[in-house]
Amino acid sequence: MNEHRLTIDRIRCDGRGICADLVPELIRLDDWGYPIIDARPVGVELTEHARRAVANCPMRALRLSLSNVPEN
Amino acid sequence: MSVLAGGPPVQRGAEVLTDHQRRFGAIPPGGARLIEEIERSGLRGRGGAGFPVAAKWSAVAAGRSRRRVVLVNGAEGEPLSAKDRALMCARPHLVLDGAVLAARALRADQAVLYVGSEHRSARNALEDALRDRGGADRIDVRVVIAPPRYVAGEESAAVRCVNDGTALPTALPPRPFQSGVDGLPTLVQNVETLAHVALIARFGAQWFRDCGTANAPGTTLLTLSGAVARPGVVEVRSGARLGDVLGDAGFVAADTSAVLLGGYFGGWIAGDVAPTLAVDAAALRGAGHSLGCGVVAVLSETECGVVATARILEFLADQSARQCGPCVFGLRAVAQCWHRVAQRTVTPDDLVRIGRWTDELTGRGACRHPDGAANLARSALQVFREEFMLHAEHRRCSHQSAAWRAAS
Amino acid sequence: MNDILLWYTTRASGAVSLVLLSIVTALGLLTAARAGGGRWPRFMTAALHRDLALVALVFLLLHVVTAAVDPFTHLGIASVAVPFGSYYRTFWLGLGTIAFELLLAVIATSLLRGVVSVRVWRLVHWASYALWPFAVVHGIGTGTDSFSLVMLATTTACVGLVAGAALWRLRTPAHPLTAEKRAGAALASTGHLR
């Protein structure tokens with residue numbers, strides 16, 4: 001079972017918010033513009049959007065990875 | 001035989017090598033087999049996380065590199081904890097024995113002693129002990145100074161400080177056991193843990209298990225502070241009743257409002273519950289508490305728990321590594337809210353947001369610093385619920401805390 | 001007839017490249033200024049910046065190739081690759097060559113972003129600030145009709161656009177986290193400790 005999850009390098013993240021624009025179903029911003037990421041597996045229907053969010057992160061902080069243990 | 005028991009008091013200075021060898025015996029040869037012995041002993045880390053030591057060593061040993069590093073973590077950034085420096089001062093050779101045995105087991109050719117800049121006696125004791133040993137251990141040992149910051153003792157921060165002089169946590173992966181000092185698989189182990197290793201190597205796993213409980217064998221060092229007549233560092237058998245331990249230090253249950261267990265990274269426990277608990281890391285974890293680095297700080301009835309919590313959160317916010325937005329801004333906002341609660345100037349907006357902001361701290365930093373602060377805040381809301389409501393809704397404090405000044 | 005066609009293509013594609021590169025530069029400045037939000041999502045600024053850069057590259061290649069094979073200017077491929085290596089308006093042309101190579105470098109490092117380190121990418125992108133002014137001066141210097149009304153108007157509009165975006169960028173305050181990170185690193189450093 002391929003389970004993709006969105007993970008983020010919290011040190012690289014600069015709170016630009018592009019990820020929340022591109023996949024609002026999984027990422028929303030806190031009061032200071034930093035992402036709150038849904039730790040559940042990314043469903044098939046959202047994978048393309050998640051990939052686009054990863055590709056468009058200007059700080060290369062967002063990652064889509066196959067993992068069993070959810071991080072951040 | 002234990003780690004500190006029967007030893008010289010801290011003030012008299014460090015133990016000389018010959019005395020050490022007379023008391024404990026010469027350092028055993030050790031080797032890779034030691035990992036199995038540690039496994040049988042059930043020893044868990046004493047730095048706060050409580051990770052099984054043998055599993056940690058095996059992870060480092062599994063690294064593909066032929067060279068490894070042992071990082072002896074004596075940074076002790078937790079302000080309420082004194083056990084690590086007490087141990088380094090009183091039993092430096094035991095700590096060094098543990099480091100050497102770890103290096104032999106992992107075939108590491110270098111060890112780094114990581115000590116806080118403000119802990120001069122501990123550093124002197126270790127350096128004197130190193131000189132005392134000459135080069136007999138045949139391991140390259142050096143001392144690296146940690147800055148006086150709370151997060152300096154965090155595993156990845158320690159590694160980074162050794163590598164480039166800046167003690168800030170790094171994004172994981174890779175973890176130190178994969179790539180640490182100079183990019184090599186690195187074992188980061190607390191000084192107390194290594195002291196236990198040095199004894200297990202001499203007397204065996206069964207000797208260690210003869211003391212303590214099944215899930216938390218051996219002894220553990222605690223730092224007692226706050227409203228006790230005789231504060232200080234003590235060594236207790238795992239499983240001892242906290243009430244008894246505190247009683248020996250001159251604690252009066254009736255005068256206690258709450259106990260902070262585990263330090264700033266731990267949590268508050270109600271004054272009538274704490275004495276009933278056993279000093280058993282595994283059992284405490286099961287009950288939702290945390291022994292952490294063994295800090296037991298007693299809050300007396302005359303002190304306000306809300307004010308104390310606000311001070312701690314302010315300290316934690318100030319001590320943030322400041323690398324991650326949620327910690328820099330979120331933790332600061334939570335601390336400022338608590339400040340206003342303590343000052344009795346909190347607004348309705350604050351109360352609405354404080355719960356959400358606290359929840360949003362969990363799992364949103366590169367390290368667990370904001371998580372620890374969130375846990376502390378939540379435990380305070382539980383234990384000091386009435387006092388909190390009094391401050392927040394009625395703008396009163398049941399203690400004589402008129403003029404409240406910020407810590408530091 | 002073909003020669004004239006070649007010449008016109010060179011000039012036209014050069015002009016279009018300049019316009020496109022001006023928009024690209026302006027969008028780059030606005031991306032750095034974190035412009036957007038609300039009805040103009042921020043990722044669009046960055047995405048347009050990237051996509052238009054590729055379009056600009058196509059027109060620029062057309063410009064470079066037609067210029068190189070044009071018999072009138074005797075440029076040849078070598079002078080396209082080597083700055084200041086041609087006999088024809090050496091200095092002005094050389095600037096264009098440098099601008100062209102900077103664009104190739106920026107696009108290459110951006111496409112290979114997973115492979116190239118963040119530091120290298122950032123360095124090349126910073127160097128690319130030189131790209132646009134070089135292109136403008138190259139256009140004025142090598143163009144035979146630089147001071148015609150059309151070209152004057154176009155160049156002025158391009159300069160105005162980039163100047164406006166630069167002003168926006170300069171007036172955007174630094175991200176609050178930047179100062180915090182610097183303070184945190186200073187507090188955690190041990191260089192001064194013994």
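Buried means under 20% relative accessible area, exposed over 50%, and partly exposed in between (1.4 Å probe, protein chains only). Everything below comes from a predicted model, where local features need pLDDT of at least 70, side-chain atom pairs count only at pLDDT 80 or more, and totals for chains, interfaces and linings use all residues. Residues are numbered from 1 along each chain as its sequence is written, chains are lettered from A and ligands numbered from 1 in the order in which they are written, and side-chain values use heavy atoms, with hydrogens and water left out.

**View 1. Where chain A meets chain B.** Chain A puts 12 residues into this contact and chain B puts in 20; contact here means heavy atoms within 4.5 Å. About 1300 Å² is buried between the two chains, with carbon and sulfur atoms giving 56% of that. Buried area is the accessible area (1.4 Å probe) that two parts lose on being put together, summed over both. On the chain A side, Arg10(A), Ile11(A) and Trp32(A) lose the most area to chain B, and together they make up 48% of what that side buries.

View 2. Chain A and chain B share 2 salt bridges, a salt bridge being a side-chain nitrogen of Lys or Arg within 4 Å of a carboxyl oxygen of Asp or Glu. Look for Asp30(A) with Arg364(B), whose closest N and O atoms sit 2.4 Å apart. The side of chain A that touches chain B splits into 5 nonpolar, 1 polar and 6 charged residues.

**View 3. A salt bridge from chain B to chain C.** Arg332(B) and Glu180(C) pair up through their side chains, 3.0 Å from N to O. Arg332(B) lies in helix H13 (residues 325-343) of chain B and Glu180(C) in helix H8 (residues 176-188) of chain C, so this pair joins two chains. Helices (H or I, at least four residues) are DSSP runs, numbered from the N terminus. How do the two ends score for accessibility, buried or partly exposed? Arg332(B) is partly exposed at 29%, whereas Glu180(C) is buried at 13%.

**View 4. Salt bridges inside chain B.** Side chains of opposite charge can pair when their charged atoms come close. In helix H13 of chain B, Arg340(B) reaches Asp350(B) in helix H14 (residues 348-359), 10 residues apart, with the closest N and O atoms at 2.6 Å. Arg340(B) is partly exposed at 27%, while Asp350(B) is buried at 2%. Elsewhere, Arg85(B) bridges to Glu76(B) at 3.1 Å between the closest N and O atoms; Arg85(B) is partly exposed at 25% and Glu76(B) is buried at 8%. Salt bridges with shared partners also tie Arg46(B), Lys83(B), Asp84(B) and Glu192(B) into one network. Over all chains, the salt bridge count comes to 29.

**View 5. Leu242(B) and its neighbours.** Leu242(B) belongs to helix H10 (residues 242-248) of chain B and is buried, at 3% relative accessible area. Which residues does Leu242(B) touch, not counting those up to four places away in sequence? Ala274(B), Pro275(B), Leu277(B), Val279(B) and Val296(B). Thr219(B) is 23 residues from Leu242(B) in sequence and 14 Å from it in space, C-alpha to C-alpha.

Notes:
Nonpolar A, V, L, I, M, F, W, Y, C, P; charged D, E, K, R; others polar.
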